[in-house]
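The following paragraphs lead the reader through a single structure, element by element. Please keep the sequence and the coordinates in view while reading.

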Amino acid sequence: FDCALSDAAVVALAAVLSECSAVDVLSLHRNRLGAASAVALSDALVSPASRLVRLNLDLNEVGSAGAEALAGALRRNTTLRELFLFGNKITDDGAIA
């Protein structure tokens with residue numbers, strides 16, 4: 001919930017998630033997070049340690065580049081079941097990815 005997190009904070013959080021299997025739900029909605037956060041979270045999602053089943057990124061600024069990074073991660077991730085991206089300024093290119 002709008003914790004005023006920065007992209008740098010989420011990059012650090014994603015590094016921890018890459019090594020932590022205890023987190024299965026993560027809500028980062030309403031934080032103005034950009035593509036850098038989405039790319040870092042994508043890297044965490046493909047980690048063998050990732051056990052996330054729900055990721056909420058609603059109402060951020062992920063954009064098409066971030067959506068494309070997440071789409072790439074989802075091709076390899078086997079645990080994530082719910083991804084929320086409402087209100088992220090994703091264009092058709094990002095949606096198609």
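**The sheet and its surroundings**

In this predicted model, three strands form an open sheet in the order β1-β2-β3, and their pairing is parallel. The edges are formed by β1, residues 25-27, and β3, residues 82-84, each of which pairs on one side only. From one strand to the next, the twist averages 0°. Strand β2 covers residues 54-56 and runs parallel to β1, to which it is joined by three bridges. The bridge partner of Ser27 in β2 is Asn56.

Helix α1 spans residues 7-17, and its buried residues include Val10, Ala14 and Leu17. Viewed down the axis of α1, the buried residues lie within an arc of 55°, so they line one face of the helix. Ala8 and Val16, on the other side of α1, are exposed. The buried residues of α1 are covered by elements including β1 and α2.

Helix α2, residues 35-45, has buried positions at Ser37, Ala38, Ala40, Leu41, Ser42, Ala44 and Leu45. These buried residues pack against the helices α1 and α3 as well as the strands β1 and β2. One of them, Ser37, has a relative accessible area of 1%, and Ser37 is therefore buried, the threshold being under 20%. The side chain of Ser37 makes a polar contact of 2.4 Å with the side chain of Asp7. When residues up to four places away in sequence are not counted, Ser37 touches Ser6, Asp7 and Val10. Of these, Val10 is among the buried residues of α1.

In soluble globular proteins, nonpolar side chains tend to be buried together. Here the largest nonpolar core has 18 residues, of which Leu26, Leu28, Leu41 and Leu45 touch the most other members. Each of α1, α2 and α3 supplies at least two residues of this core, and α2 gives the most, with five residues. Leu28 also illustrates the range of contacts: leaving aside residues up to four places away in sequence, Leu28 touches Leu5, Val10, Leu13, Leu33, Leu41, Asn56, Leu57 and Asn60. Asn56 in this list is also the bridge partner of Ser27.

The loop between α3 and β3 remains to be described. Helix α3 comprises residues 63-74, and Thr79 is found in the loop between this helix and β3. Is Thr79 buried or exposed? Its relative accessibility is 18%, and Thr79 therefore counts as buried, since the cut-off is under 20%. A polar atom of the Thr79 side chain lies 3.0 Å from the backbone oxygen of Leu52. Leu52 is also among the residues that Thr79 touches, together with Ser50, Arg51 and Val53, not counting residues up to four places away in sequence.

Arg75 lies in the loop between α3 and β3 as well. At 61% relative accessibility, however, Arg75 counts as exposed, because the limit for that class is over 50%. The C-alpha atoms of Arg75 and Val46 are separated by 9.0 Å, although the two residues are 29 residues apart along the chain.

How values were computed. Residues are numbered from 1 along each chain as its sequence is written. This is a predicted model: local features need pLDDT of at least 70, side-chain atom pairs count only at pLDDT 80 or more; totals for chains, interfaces and linings use all residues. Side-chain values use heavy atoms; hydrogens and water are left out. Two strands pair if DSSP finds at least two bridges between them. Helices (H or I, at least four residues) and strands (E, at least two) are DSSP runs, numbered from the N terminus. Axes are lines fitted to C-alpha atoms, for helices over the stretch in contact, and angles run from 0 to 180 degrees between N-to-C directions. Buried means under 20% relative accessible area, exposed over 50%, partly exposed in between (1.4 Å probe, protein chains only). A polar contact is a pair of N or O atoms within 3.5 Å; within protein, one must be able to donate a hydrogen and the other to accept it, and residues adjacent in sequence count only if both atoms are side-chain atoms. Contact means heavy atoms within 4.5 Å. A nonpolar core is a set of buried Ala, Val, Leu, Ile, Met, Phe, Trp, Tyr and Cys residues joined through side-chain atoms within 4.5 Å. The arc is that of the directions from the helix axis to the C-beta atoms.
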